[in-house]
There are 2 protein chains.
Amino acid sequence: MPLALENLLDVKHREKSIVEILELSPEALKGVSNSDAQKLKEAFGITTIRQLGENKFFMAAAALARAGMNPDYDPGPPPFWLNKFAQLPDSYYVNHPSGRFRVHFGGVPYRGRLDDTARVIVVGQDPSTDEAIARRAFVGNAGQRLQKLLYKTGIVRSYIIINTFAYSIIGQANNEMRIIAQEPIIKNFREDLLNTLIERNPIEAIITLGVGAKEAMSTWNNPENKQMFHLFHPSAQTGLEDNWNTHLPLLIANITPDNPAIIDATPYSGEWSENTHRMNIPRFDLPYNLPDWHGTEGTNSNRGPDKIKEITWTSILS
Amino acid sequence: MPLALENLLDVKHREKSIVEILELSPEALKGVSNSDAQKLKEAFGITTIRQLGENKFFMAAAALARAGMNPDYDPGPPPFWLNKFAQLPDSYYVNHPSGRFRVHFGGVPYRGRLDDTARVIVVGQDPSTDEAIARRAFVGNAGQRLQKLLYKTGIVRSYIIINTFAYSIIGQANNEMRIIAQEPIIKNFREDLLNTLIERNPIEAIITLGVGAKEAMSTWNNPENKQMFHLFHPSAQTGLEDNWNTHLPLLIANITPDNPAIIDATPYSGEWSENTHRMNIPRFDLPYNLPDWHGTEGTNSNRGPDKIKEITWTSILS
């Protein structure tokens, strides 16, 4: 018996290889009758176990069931996006003659929704240390500021975040990096993600963060002419408050909220070091079993409901 | 519209909350007819989207389809095991008066199969540094030696690995740790995992690694009287070769292989520092997008087919 499938298949099929098993009728599954299999065929044209396991209606129902559970973690990309992200040009980054990329931690392609339910695309600059550990974009201090901004616009989950560069850059986004951002291999990967996201999701707004992202995006053809908002980077040293306060009402006006009740047009004021300008990264954006201080500004001992608001998916369930 | 479900649901249902949506007939899914929904009900008693999304036959078929894809990563535990691992007594570890636990990286509950297809349970000691990053058990040097041992017995994927302590310990597994291993809260969590794994999987062998794991397991009641093999820890400084060579034929005799063709009863010999005594941790055991040098003994530049054999799921597909 090549695989331990005692719990899944009828006895007579257990000696078969996985390749053979996937081509069997669903009737081969333990507990599925010939009549059951016939109904699957009549309803959805399903004639094999593979077709059953990849059926789009089941996948949609499973995604909805997951949404209703307030998921505890992000399991990683579904097959479509797994294949898309596999096109990330690792060797181009690793061998780049500029030496401007940190290569030891690989690329970080995304954070957020890959289930065709994003309304907002965020394009940042590059992943940094927190992102190297979490393997997701924008989870450190800048990410937590972005999270708060999205929350103020009423967005709890309907976003997808990518970066200008999938690899961490060394030094600042200076003129050299602006040129590198336009190199075809880097540009094509980024724009293929953008175009595909737009094809598959009901996108209402694209937010760029920082001058590097803005300039990188200036040469994109924006095929569906989506509304773009060019914001200062969340880590900008000066002018951030004015810039974000200018954009906040525009974002609110242009984005359908996940939850209208949480929209908060109150302008930013006070110190940016304050926790009130940040929000924890939702656990449903992070991989399974990441230490629970990750995506927050501190350890358990100095977290508290008075400091940083927790986002849960259930804040939009009712 | 609370959620961006344009791509999943019929127009008339899109304003509903997720809680309401999950109770709708599958007919509410875009592309599912009344007649299709009726057949789902007749075949499997499915009357709601939630029931469709959680249907065990779909789940089994999806697991098989995934097995046939040579999965690139471990998405994390399915709901049953997510809930089980959520019972890990974090605060007990964090506040333990001995101060013997590294608390900042949380617990690491497992590596391997959680889909009811494991034949071997491995019980190690505690997670260390590599495991803190990977969030999976036994991925460093010791884990790579274990992986090679399993491979020599013909096992490529049908294992599940847990630890005596889900948290990393400070210092050695001395007498104090042996006593702590028997404290009810720690023992109960460990043994609940064991008992549940045995209930759900066709387990043929339990391998303990190191004297700490052996002693911890000596008080377990072993409800189905499974065969246990007490091996030296892969990091043991002395006696490892003799000990593993004694056990290797016993393991081969007692465990149904995933692939009989790879069984290798050749005794271990030579330096344990050699790569021939290790094997890369399969990518299907690691989370999405972990840097690709992780789970191996080196960076890309010093890896090669002559050094460390790669395991892929497809080595058992035919």
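Which residue of chain A comes closest to the rotation axis? I looked that up first, and P75(A) is the one, with its C-alpha at 2.2 Å.

**Ground rules.** I'm working with a predicted model, where local features need pLDDT of at least 70, side-chain atom pairs count only at pLDDT 80 or more, and totals for chains, interfaces and linings use all residues. Residues are numbered from 1 along each chain as its sequence is written, chains are lettered from A and ligands numbered from 1 in the order in which they are written, and side-chain values use heavy atoms, with hydrogens and water left out.

**The two copies.** I superposed chain A on chain B with a rotation of 180 degrees and 0.0 Å of shift along the axis, and the RMSD came out at 0.1 Å (least squares on C-alpha atoms of residues with pLDDT of at least 70 in both copies). The copies are therefore related as by a two-fold rotation axis. Both use the same surface: 99% of the contact residues of chain A turn up again in chain B (contact means heavy atoms within 4.5 Å).

**Domains.** For chain A I found domain 1 at 3-54 and domain 2 at 79-311; these bounds come from an automatic or database assignment. Their C-alpha centres are 42 Å apart.

**The sheet in chain A.** I traced an open sheet of five strands in the order β2-β4-β3-β6-β7, with mixed pairing. Strands here are DSSP runs of E, at least two residues, and helices are runs of H or I, at least four, numbered from the N terminus; two strands pair if DSSP finds at least two bridges between them. β2 (111-112) and β7 (228-231) of chain A are at the edges with a single partner strand each, so one side of each has no neighbour in the sheet. β2(A) runs antiparallel to β4(A) (residues 159-163), over two bridges. I also checked G112(A): I160(A) is its bridge partner in β4(A).

**Helices on the sheet.** α8(A) (residues 141-152) lies across β2, β3, β4, β6 and β7 of chain A, at about 145 degrees to β4(A). Angles run from 0 to 180 degrees between N-to-C directions, and axes are lines fitted to C-alpha atoms, for helices over the stretch in contact. α10(A) (residues 184-200) packs there too, touching β3, β4 and β6 of chain A, at about 170 degrees to β4(A).

**A helix pair in chain B.** The axes of α8(B) (residues 141-152) and α12(B) (residues 240-254) come within 10 Å and cross at roughly 35 degrees. Among the residues making this contact I noted L149(B) of α8(B) and W244(B) of α12(B).
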